[in-house]
Number of protein chains: 2
Amino acid sequence: MTFHTFTETRLRNFTKSVFLRMGCSATDADLATDVLLRSDLRGIDSHGVARLSGYIRLWEKERINATPNIRVVHETPTTATVDGDAGLGLVVAPFAMKIAMEKAALYGSGWVAVKNSNHFGIAGYHALLAVEKDMIGISMTNASPLVAPTYANERLLGTNPMCYAFPAGKYPPVVVDMATAAAANGKLEIAQRANQPIPDGWAQDQDGQGTTDPNALKNGGSLLPLGSDKDHGSHKGYGLSATVDILTAVLSGANYGPWVPPFVAFLEPSANPVGEGLGHFFGAMRIDGFRPAQDFKDHLDNWIERFQNAKTIDPAKRVIIPGEPEYAFEQERRIAGIPLVEPIVNDLNELADKLQISRL
Amino acid sequence: MTFHTFTETRLRNFTKSVFLRMGCSATDADLATDVLLRSDLRGIDSHGVARLSGYIRLWEKERINATPNIRVVHETPTTATVDGDAGLGLVVAPFAMKIAMEKAALYGSGWVAVKNSNHFGIAGYHALLAVEKDMIGISMTNASPLVAPTYANERLLGTNPMCYAFPAGKYPPVVVDMATAAAANGKLEIAQRANQPIPDGWAQDQDGQGTTDPNALKNGGSLLPLGSDKDHGSHKGYGLSATVDILTAVLSGANYGPWVPPFVAFLEPSANPVGEGLGHFFGAMRIDGFRPAQDFKDHLDNWIERFQNAKTIDPAKRVIIPGEPEYAFEQERRIAGIPLVEPIVNDLNELADKLQISRL
């Protein structure tokens, strides 16, 4: 696999010019760029600029509105529902998270459900906005149906990620940012490219049988929930995914379950939707609503140190703190640049030609 | 295995008399009894009256305070920290959940972290209190360290359950109530009694190697997080368990990680605690803080029907809605009574003799 490495600034300028070409305002283009770049910086290559042409294809199909009127449609002092007006999730999500944080600043906590949105990038970006203000950040989204619940032979749920982010003191924030499936689709795609089998427990084929075929999903199979099978707790992964689906969509008025519109433009959304767009859910809680922030941070530092120093099975490995690898990537890539695999570079340059902007 | 079946009323009277003998007020004895019985009614036999003698042993060691001064020690309009004063978690937890619900009634949502508590029974009991008021209920607790994080050969986390409960319309509430380990300790105990191997992926032995020995935990091994191994997402189960530990204990001032006091009285708590007792976390959100409650319930009913009618791998099975089996048990056992295995009946009768109350 050939990689080409770009500076953060170069990728930012390129990405912003794409969003401007789509018709976004300068502010929105900056924000959407920031969300995508943060994913590449944090080493989550599947959710960054690699998806840029996917967003454009949805916009071409008029399933993304570049100039949305994002607004609160229901509200109490600490809760709200936001209508994303079919805008980019990359713009809708930070808007909603900001409202959650404003409510938390006033009342201790804030909770915002979002309907009529699109793919919001990495969940961690939005949760980390709260961490900067000494708040706990929570972020979830539902997604295109790819996962079969325990016993099912149908794709009824997305990989529906949930993220919890906590500010530490001398250490980076603890960020639990996870799909509720056993493995995300991106991991299958890597195995496809390498033409290698996938581990048992990631997917089932079109007949509902366990498979190690990396093309299972393409051929009508499904991803499996975290836990993989009933004996190993797949009903828990399914339960977590259901929780995300209900909080993001049943609560907001978005589409849920098999009705969630697909991210890929070549698949049409349901002709009989049960709601509007896809859904998100955000939360912010002030740490000092529970105890002084410094006390919390000191104890979280102690928690981190105890786990980092735990006895391990393999002396060459140590226990990893959630969010630690992404933080390390971010420090490194801000300086060394962001490596993209050649097919992504080619895809972005084709996009540039189509939109008549400068190539990468 | 021999079972003896008791009416709910008989088990209630017995259990209440035990708590009264411990020195609980009549109100607290009623409440603690209600929490334990709900577990037996809902078919979660490991968390009901089977634990009664365990609570008594902790009280005998003065690790449970039968007449606690449970109080709010920190507060904003929608957040609070409660000091459980070493009371029964069965009493402390509903106290805290009630505060969360009162705050939600006024401001849309309420969030309460609890320190200095003990084992609180099933997470679902507390979350369901909110559901009765058309709120979403959330409930979590940390617990004695039994689980090794990914790569660790140490027990650093409890089975740390999280529960999310949602009110439906014509169907029972959706209740996701799950330990964040691959399998709970109770499942190992069943395999021990039957002298049968456990599935790979539930536990590791004292050297950190995967094992099918049902006695692995007794012999110095550890439970594994949901996901079982790194390939199947054990870092996600570990991340969820860490989230519970941080919300319940780092946020409240309780003990966390390996410092959480053991539930069994024959193991001493840490000589150098990092907090007070164990920790819980509760949340309540008014549904109508986001959309009219009836709209939510109608859509959740639709969600439930779609999942119940999903195509399944085995035509004899259908997709189970989270909370559905427990609800079915509850309907059945309220009428047919609660079956207890003989060793539990004997244990309860020995307890009765010791406390000089009537046998079951």
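A residue counts as buried when its relative accessible area is under 20%, as exposed when that area is over 50%, and as partly exposed in between. By that rule Glu330(A), with a relative accessible area of 3%, is buried. The model described here is predicted. Over all chains, the structure holds 38 salt bridges, while the count of disulfides comes to 0.

**The salt bridge of Arg42(A) and Glu330(A)**

- Side chains of opposite charge can pair when their charged atoms come close.
- Arg42(A) and Glu330(A) form a salt bridge in which the closest N and O atoms are 3.1 Å apart.
- Arg42(A) belongs to the loop between helix 2 (26–41) and helix 3 (52–60) of chain A, and Glu330(A) to helix 9 (residues 324–336) of that chain, so the bridge ties together parts that are 288 residues apart in sequence.
- Arg42(A) counts as buried because its relative accessibility is 5%, and Glu330(A), at 3%, is buried too.
- A network of salt bridges links Arg42(A) and Glu330(A) with Glu8(A), Arg12(A), Asp34(A), Arg38(A) and Arg334(A).

**The salt bridge of Lys297(A) and Asp134(A)**

- Lys297(A) and Asp134(A) meet through their side chains in a salt bridge of 2.8 Å, N to O.
- This pair ties together parts that are 163 residues apart in sequence, because Lys297(A) lies in helix 8 (residues 293–308) of chain A and Asp134(A) in the loop between helix 5 (123–131) and strand 5 (135–141) of chain A.
- Lys297(A) has a relative accessibility of 15% and therefore counts as buried.
- Asp134(A) has a relative accessibility of 27% and therefore counts as partly exposed.

**A salt bridge between the chains**

- The side chains of Glu154(B) and Arg306(A) form a salt bridge with an N to O distance of 2.6 Å.
- The pair crosses between chains: Glu154(B) is in the loop between strand 5 (135–141) and strand 6 (162–166) of chain B, and Arg306(A) is in helix 8 of chain A.
- Arg306(A) is partly exposed, its relative accessible area being 23%.

**Cysteines**

- A disulfide is a covalent bond between the sulfur atoms of two cysteines.
- The cut-off used here is a pair of cysteine sulfur atoms within 2.5 Å, and by this rule there are 0 disulfides over all chains.
- Cys24(A) is buried, with a relative accessible area of 7%.
- Cys163(A) is also buried, with a relative accessible area of 0%.

**Helix 1 of chain B**

- Helix 1 of chain B runs over residues 8–22, which makes 15 residues.
- From its first C-alpha to its last, helix 1 of chain B reaches 21 Å, close to the 21 Å expected at 1.5 Å a residue.
- Its buried residues are Glu8(B), Leu11(B), Phe14(B), Thr15(B), Val18(B), Phe19(B) and Met22(B).
- Viewed down the axis of helix 1 of chain B, these buried residues fall within an arc of 135 degrees, so they line one face of the helix.
- Thr9(B) and Asn13(B) are exposed residues on the face of this helix turned away from its buried side.

**Helix 4 of chain B**

- Helix 4 of chain B covers residues 89–107 and has 19 residues.
- Its reach from first C-alpha to last is 26 Å, close to the 27 Å expected at 1.5 Å a residue.
- Just after helix 4 of chain B comes Gly108(B), with a positive phi of about 105 degrees.

**A nonpolar surface patch**

- Val264(A), Phe266(A) and Leu267(A) make a nonpolar surface patch of about 300 Å².
- Phe266(A) sits in the loop between helix 7 (234–250) and strand 11 (278–286) of chain A.
- Phe266(A) has a relative accessible area of 66% and is therefore exposed.

- Ser139(A) is in strand 5 of chain A and is buried, with a relative accessible area of 0%.
- From C-alpha to C-alpha, Ser139(A) is 9.2 Å from Leu128(A), and the two are 11 residues apart in sequence.
- Pro197(A) is in the loop between helix 6 (185–194) and strand 8 (203–204) of chain A and is exposed, with a relative accessible area of 62%.
- Pro197(A) and Val341(A) are separated by 144 residues in sequence and by 21 Å in space, C-alpha to C-alpha.

Technical notes. Residues numbered from 1 in each chain as written. Chains lettered and ligands numbered in written order. Predicted model: local features only at pLDDT ≥ 70, side-chain atom pairs only at ≥ 80, totals over all residues. Heavy atoms only, no water. Patch = residues over 30% accessible without salt bridge, like charges linked within 9 Å, V, L, I, M, F, W, Y side chains within 5 Å. Areas by Shrake-Rupley, 256 points an atom, 1.4 Å probe, with all protein chains shown as cover. Salt bridge = Lys/Arg side-chain N within 4 Å of Asp/Glu carboxyl O. Helix = DSSP H or I, 4+ residues; strand = E, 2+ residues; numbered from the N terminus. Buried < 20%, exposed > 50% of the residue type's maximum accessible area, 1.4 Å probe, protein only. Expected span 1.5 Å × (residues − 1). Arc of directions from axis to C-beta.
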